[in-house]
Amino acid sequence: MHKRVPDVVNAVKPEDYTMEAEERGPEDLSEVESEYKKSLLGVGYDPDGEERSGSFLQLDHSVLCSTAVQEGIEVLDSSEALKKYSWLSDYFWRAVPADKDIYTKEVAAKQTGGYFVRAAPGVKSIFPLQACLFIGKERLSQNVHNIVIVEEGAELHIITGCSTAQDVRSAMHLGVSEFYVKKGATLTYTMIHNWAPEVVVRPRSGIIVDEGGTYINNYILMKPVKDVQMYPVTYCGKNARTMTQTIIHASQDSKIDIGSKVVLEGENSRAELISRSIATDQADVTARGSIVGSAPGVKGHLECIGLMLSNTARIYSVPELEATVEDAQLSHEAAVGRISEEAIAYLTARGLSEDEAAGAIVRGFLNVDIKGLPPALGAEVRKMIRMSADAL
Amino acid sequence: MLEIENLNLEVDGRPVLKGLDLIIEKGECHVLLGPNGSGKTSLLLGILGFPRYRVTGGRIVFNGEDITNLTTAERVKLGIGIAFQNPPVIRGIRLGEMVNLCRGDKSGDISDETRILAKELHFTEEFLERDVNAGFSGGEIKRSEILQLMAQNPDFVMLDEPDSGVDIENMELVGGMISKLLHRRERPSRRTASGLIITHLATITDYVDVDWAHVMLGGRIGCSGNPDQIIRQVTEGGYEKCIKECQMS
């Protein structure tokens, strides 16, 4: 029986959630960090801040921590930053239109925090910067607006985790993120989502990559969630490069509609989008990917692979390519299916039981070779993926 | 070591082996010749116990134990190993991890033993980081399969066309390693491992000394005997003629 694509986009209204939350301040930081340590670590946020170039932690609507360790890197509450720097208003709502949908409108009208991160020209971050947006109150609507600016020739690595307290079941997270990668700069952005089964998540992101810039995005979602819908758009200038890797394990009744779009509008710009989804139980995954080539010499490749682990789940894979110039090379590869019997048999011939073999293949499927990250960060991301996969 | 009695085997409901008998003693190495579709690979996968290869009659006895109804993993634990001809790509599992697995080591960190073995087969450390069989050349597949077997160290080794698509340089290396796996360089009385090698053109016998040769046709073994004689007959007159001559004498 064919199932209808659920429209998760506009199904949930912000007014069904509450804006009210207890105000906390920097004085509560250590208490909050120790209370939620496990959840924070689960999304890559290390309260000890070791091997990090800076930290940002927000609980509900309160920013508890915004610090940078490395010179030339600044981390602030984005509303505070807007008061401090008048020029910053030019960066608000440029990569994401404020009137895009009901969720961006909600954030525009009732912003509650979010981070501002800027790397000064030529500054190269040694360690990743960590940011965490945490929900501790039931039925809360968290409406953040994040701005990241990587100035000319700079290099910045951000790990961002979003999670909820263990006793929170239901909440709404609206996150507008606008990233500006300037000429010759590099931004890697690794996002780990770890929500509760009744949390509704609507990130709205826009990324502008200037000439010769590089943007690398890794997205990891391993735990059940009510629904997540996002479709970040990246605009690539001349010789700019973008790469996104999305790893999703959808279980229980999760409804996930995730994809990304890259507009190659600068000459010789490049994009590579890789998406791996596993669907089990009654989960519903829509994996989208779209590359638009509108300038000469552009190249893009899209890989969208889904693994079905149950008869009641669904994976809907939507790869899209659009060229508006003669000299664009765009390609895609999409496949959805179950675990290959041949692969299982091969592993049993090496002594694994069928269950062990299936487990090893699933773990392997999620074990995407994360490219473009500094070795230490790459190892850490792989460790997180392995930990999540081992917990399946 | 291995006794196959009157084996009937179906693949996806289609009969492929029709009353096959074969005995391989401890320390012996046998080659199996035969045209495409004669059932050679099915015999190997049947011995290994792959679910698609269903025994409908007869039995397989390994070291005195009837293994006909055991799972593949159970048979492997008893000491049966195989080098596949066309193994599948396993995404996300590195060759080094796979070699660890063959030794029963389930950790993700590639062990020193694995690195030492890999060096013997002329693999670089970087090669161990590659996904199993992803983009491997013909020669690399053969060497990788033998590397996995060396880590597993089975008593009974099956090799499906280890000599197809391999250049001379790799052939010498592969042949040398197979000889080592099968204790061919030991005195016969000291050999404890046995082997069954499928080969089309018998090239492997230039590199590995073998005790017996069999010719397979239509799901049965039609002829068995001295490898030099049988290989000569097959190369001169073909499989069917060899079987006819064999049955007349």
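Colleague: In what order do the six strands of the open sheet of chain B stand, and what is the pairing called?

Modeller: The order is 6-9-10-3-11-12, and the pairing is mixed; two strands pair if DSSP finds at least two bridges between them. Strands (E, at least two residues) and helices (H or I, at least four) are DSSP runs, numbered from the N terminus. This is a predicted model, in which local features need pLDDT of at least 70 and side-chain atom pairs count only at pLDDT 80 or more, while totals for chains, interfaces and linings use all residues. Residues are numbered from 1 along each chain as its sequence is written, and chains are lettered from A and ligands numbered from 1 in the order in which they are written.

Colleague: What makes strand 6 and strand 12 of chain B edge strands?

Modeller: Strand 6 (80-83) and strand 12 (220-225) each have a single partner strand, so one side of each is left without a neighbour in the sheet.

Colleague: How do you know that strand 11 and strand 12 of chain B pair?

Modeller: Five bridges join strand 11 (residues 212-217) of chain B to strand 12 of chain B, and the definition asks for at least two. The two strands run antiparallel, and A213(B) stands opposite G225(B) in strand 12.

Colleague: Why are helix 7 and helix 8 of chain B called oblique to each other?

Modeller: The axes of helix 7 (residues 227-237) and helix 8 (residues 239-248) of chain B come within 7 Å and cross at roughly 130°. Axes are lines fitted to C-alpha atoms, for helices over the stretch in contact, and angles run from 0 to 180 degrees between N-to-C directions. Angles under 35 degrees count as roughly parallel, over 145 as roughly antiparallel, 65 to 115 as roughly perpendicular and the rest as oblique. The two helices are therefore oblique.

Colleague: Which residues of helix 7 and helix 8 of chain B meet?

Modeller: I230(B), Q233(B), V234(B) and G237(B) in helix 7 meet Y239(B), K241(B), C242(B) and E245(B) in helix 8; contact requires C-beta atoms, placed from the backbone, within 7 Å.

Colleague: Why is helix 5 of chain A described as largely enclosed by the rest of the structure?

Modeller: Six of the eight residues of helix 5 (residues 341-348) of chain A are buried, so this helix is largely enclosed. A residue is buried if 20 or more other C-beta atoms lie within 10 Å of its own, exposed if 12 or fewer, and partly exposed in between. The buried residues are A343(A), I344(A), A345(A), Y346(A), L347(A) and T348(A). They pack against helix 6 (354-366) of chain A, together with helix 2 (72-78) and strand 7 (90-94) of chain B.

Technical notes:
Two residues are in contact if their C-beta atoms, placed from the backbone, lie within 7 Å.
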